[in-house]
Amino acid sequence: MKKLNLHDQWTRDELAQFQHQQLLCLVTHAIHHSPFYQELYKNIRTDQCIVLNELPIIDKTTMMENFDRFVTDPRLNLTELQAHISQLTRDEYYLGEYRVVTTAGSSGMRGVFVFNRKEWSTILASSFRCGLIMGVSARIPNRWRVSYIVADHPMHISYRFVVSSDNHLVKTQRLKVASSIQYLVDALNIFQPEVLCTYPSIASLLAIEQLEGRLNIHPQLIETGSEVRTKEMELNIRKAWAVTPFNLYGTTEGGLFSTDCSLHRGMHIFEDLVIMEVVDEKNQPVQDGSPGYRVLLTNLFNFTQPLIRYEVSDMITMSAEPCRCGRPFRLIAEIEGRSDDIIYLQAPGGRDVPVHPIHFYTSMEAFEEIKEYRILLEDDGINIGIVLRGGVSGEEVANKLKASLRKEIESVGAKCPEIRVQFVDRIERDPNLMGKLKLVKSNVRREEIKKE
Ligand SMILES: [Zn+2]
């Protein structure tokens, strides 16, 4: 942890040098201990300079199909790891040494990721480093009261992280994201967190509860992550608690490795732990300041399961400017969702047109009357479930919303399918769909993905 903090003072050159050394160690280790990499890198010479963007790109399917040859410990195999995952009840180790987590299963094949004790400590250190940047430093004996509202299954990294991070610095309250708002409100009122850490959509819902008088907490610090945070969510949070929320970014593949500093000019990427290459659909580099289609992630600290130029579907824009705080780490200017969330609708001529989820949020965001929503794209149209704020006429909102969505969809040249709006009392929150912005792809497409 202390070692990581020293890196904050580095220059870009020192950072680049460190990245190169780490990459060389990782590639050498992978070649010697992973039969998959031994074959993939048969033409790579480790006695020469290694150029990251000359290394081949890997994706989840390739990794999972070759799993047993991919990992560097021959005792690890997918069948047994999957059996281990299905029996997890809390924070158990595999072989007394490894933590095994998976990516959510909503977008096709589930990815399995393994970290040994040292690698897991790096994940914890990295998230404490986020805390420190945000101002949560050691406070003894009055530990910080931190409420996490996260996924509720030990196969999710956020659950394991919370369970394994309860220590002498923080007193944690762990709440399930799938709980009802009423339950969350009651639990938070009792615990009175000083730090609230959750999905931005949940923080925004809780902000409404606070503004309407049912919730009465006074967090000094709010951290949000795992989902796109829209302007409206941020506004609700500011209105309720008069604090600027911090944004966190991480992935199951690399842990929590990005947060904004107190200047809130974007999220610093801990480039001493990971390398992120923002690329387009053809995996070609995208200039800073322009949105990418996906990220190629290189995890510099996981030697058990080397992820080198590994495809992650997040659509990210890097800032072209360095941060004034002086840290050497580049800034993420914007996260625009996941390329998995792009849906395809027909154009009048019959061809498929990609529709970015942003078109849906833009419409939904304009309606202050809408408290929560879920959009389901089905074969026969778009079904929208809506929870309204009190005392609002549903019919009027539904008509205006349909018109607005139609306009957005037609603006990209697609034919607008039939839109049906239904008013509901609550939206079931499925942690597997969190981060998917409540936009669920059609059943047909999901079936197709499962068959792969
Ligand atoms: Zn900064």
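Predicted model: local features only at pLDDT ≥ 70, side-chain atom pairs only at ≥ 80, totals over all residues.
Is Ala242 buried or exposed?

Ala242 sits in the loop that joins helix 11, residues 231-241, to strand 7, residues 246-251. Its relative accessibility comes out at 70%, and because anything over 50% is called exposed, Ala242 counts as exposed.

Arg309 is found in the loop between strand 11, residues 294-299, and strand 12, residues 310-312. Here the relative accessibility is 5%, and because the limit for buried is under 20%, Arg309 counts as buried, whereas Ala242 was exposed.

While we are on loops, Tyr199 lies between strand 5, residues 195-198, and helix 10, residues 200-211, and with a relative accessible area of 8% Tyr199 is buried. If you want a distance to check on the screen, the C-alpha atoms of Tyr199 and Asn302 are 26 Å apart, and these two residues are separated by 103 residues along the chain.

Next, the helix pair. The axes of helix 12, residues 357-365, and helix 13, residues 394-411, come within 9 Å of each other and cross at roughly 155°. Because an angle over 145° is classed as roughly antiparallel, that is how helix 12 runs relative to helix 13. The crossing of the two helices is right-handed. On the helix 12 side, the contact is made by His359, Phe360, Thr362, Ser363 and Met364, and on the helix 13 side by Leu401, Ser404, Leu405, Glu408, Ile409 and Ser411. Sorted by class, this contact has 5 nonpolar, 5 polar and 1 charged residues.

How many disulfides does a search of the whole structure find? The search finds 0. Cys25, for instance, is in no disulfide, and the nearest cysteine sulfur, which belongs to Cys49, is 14 Å away. As for accessibility, Cys25 counts as partly exposed at 41%, while Cys416, at 14%, counts as buried.

Key:
Residues numbered from 1 in each chain as written. Heavy atoms only, no water. Axes fitted to C-alpha atoms, helices over the stretch in contact; angles between N-to-C directions. Helix = DSSP H or I, 4+ residues; strand = E, 2+ residues; numbered from the N terminus. Parallel < 35°, antiparallel > 145°, perpendicular 65-115°, else oblique. Left-handed = near helix turned anticlockwise from the far one by under 90°. Contact = heavy atoms within 4.5 Å. Nonpolar A, V, L, I, M, F, W, Y, C, P; charged D, E, K, R; others polar. Disulfide = S-S within 2.5 Å. Buried < 20%, exposed > 50% of the residue type's maximum accessible area, 1.4 Å probe, protein only.
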